[in-house]
Amino acid sequence: MSLRGVEQATHAPELRHKLLWTFGLLAAYRIGVHVPVPGIDVPALQEFFASASNTLFGLFDMFSGGGLKNVSIFALGIMPYISASIIMQLLQVVSPAVKRLAKEEGAAGRKKLTQYTRYATVLITIIQGFGITTMLMKMNSPSGSPIVHDPSLTFQLVTIMTLTAGTILIMWLGEQITEKGIGNGISLIIFAGIVAHL
């Protein structure tokens with residue numbers, strides 16, 4: 001497409017609205033990546049990640065769009081939703097009931113599968129949130145400073161709820177981009193996170 005074609009496309013009101021909607025929701029996602037959960041010693045956490053940048057933590061942080069490095073409300077990123085989607089795809093092969101739901105019941109069946117994927121996402125997020133909070137409460141920075149100010153059950157519950165709400169919000173943002181914006185919202189969120197990290 002030529003530069004003139006791009007210019008003409010951006011003047012179409014519907015396309016311009018979709019582009020603005022997509023960029024606005026992606027901007028909201030990028031802002032959320034920088035909002036830390038309460039109770040974290042951010043300098044100690046950054047010191048830890050500076051020493052662990054070339055490890056598995058660094059790789060996971062890239063897919064969360066930098067959210068893990070900040071232990072932000074979006075620290076888990078969209079990965080629990082991807083995991084839940086893969087589980088539902090595998091269940092279609094293994095379970096006749098799920099396969100029938102996907103194939104024979106049409107749009108209503110697909111809607112139910114989408115709902116089950118959302119429930120599975122919440123369950124996976126709670127499990128992963130528990131793992132992350134348990135790990136954070138035991139971690140220290142290379143200089144010996146604890147990463148969590150008050151490692152208690154209250155911190156753990158608040159952090160798990162915050163991470164779960166953050167993942168649900170990202171899932172909603174992705175669905176809104178898909179419905180009202182341009183392209184697949186989940187893919188765009190993953191792409192934006194990787195690009196921002198690089």
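Author: Let us begin with a pair of helices: helix 6 and helix 8 are oblique to each other, and this is a predicted model, in which local features need pLDDT of at least 70, side-chain atom pairs count only at pLDDT 80 or more, and totals for chains, interfaces and linings use all residues. Residues are numbered from 1 along each chain as its sequence is written, and side-chain values use heavy atoms, with hydrogens and water left out.

Reader: Why are helix 6 and helix 8 called oblique to each other?

Author: Their axes come within 8 Å and cross at roughly 130°, where axes are lines fitted to C-alpha atoms, for helices over the stretch in contact, and angles run from 0 to 180 degrees between N-to-C directions. Angles under 35 degrees count as roughly parallel, over 145 as roughly antiparallel, 65 to 115 as roughly perpendicular and the rest as oblique, and helix 6 and helix 8 are therefore oblique. The crossing of these two helices is also right-handed, a word used if the near helix is turned clockwise from the far one by less than a right angle, with left-handed used if anticlockwise.

Reader: What makes the contact between helix 6 and helix 8, and which residues take part?

Author: Contact means heavy atoms within 4.5 Å, and the residues that make it include Pro 80, Tyr 81 and Met 88 of helix 6 and Leu 113, Thr 117 and Ile 124 of helix 8. By class, this contact of helix 6 with helix 8 has nine nonpolar, seven polar and no charged residues, where Ala, Val, Leu, Ile, Met, Phe, Trp, Tyr, Cys and Pro count as nonpolar, Asp, Glu, Lys and Arg as charged, and the others, Gly among them, as polar.

Reader: What makes helix 8 oblique to helix 9?

Author: Helix 8 and helix 9 pack at an angle of about 140°, with their axes 8 Å apart, and that value makes helix 8 oblique to helix 9. The crossing of helix 8 and helix 9 is right-handed. Among the residues that meet are Val 122, Phe 130 and Met 137 in helix 8 and Phe 155, Leu 163 and Glu 175 in helix 9, and the contact has 10 nonpolar, nine polar and two charged residues.

Reader: Why is helix 6 described as roughly perpendicular to helix 7?

Author: Helix 6 and helix 7, which spans residues 96-103, pack at an angle of about 105°, with their axes 6 Å apart, and that angle makes helix 6 roughly perpendicular to helix 7. Here Met 88, Leu 91, Gln 92 and Val 94 in helix 6 meet Pro 96, Val 98, Lys 99 and Ala 102 in helix 7, and these residues divide into six nonpolar, one polar and one charged.

Reader: How do you know which residues line the second largest pocket?

Author: On a 1 Å grid over the protein atoms alone, a pocket is an open set of points where a 1.4 Å probe fits, with protein on both sides within 12 Å along at least five of seven lines, and lining residues have an atom within 4 Å of a point. The residues that line the second largest pocket include Tyr 81, Ser 85, Arg 110 and Thr 114, and the largest share of this lining, five residues, comes from helix 6. By class, the lining has three nonpolar, five polar and one charged residues.

Technical notes
Helix = DSSP H or I, 4+ residues; strand = E, 2+ residues; numbered from the N terminus.
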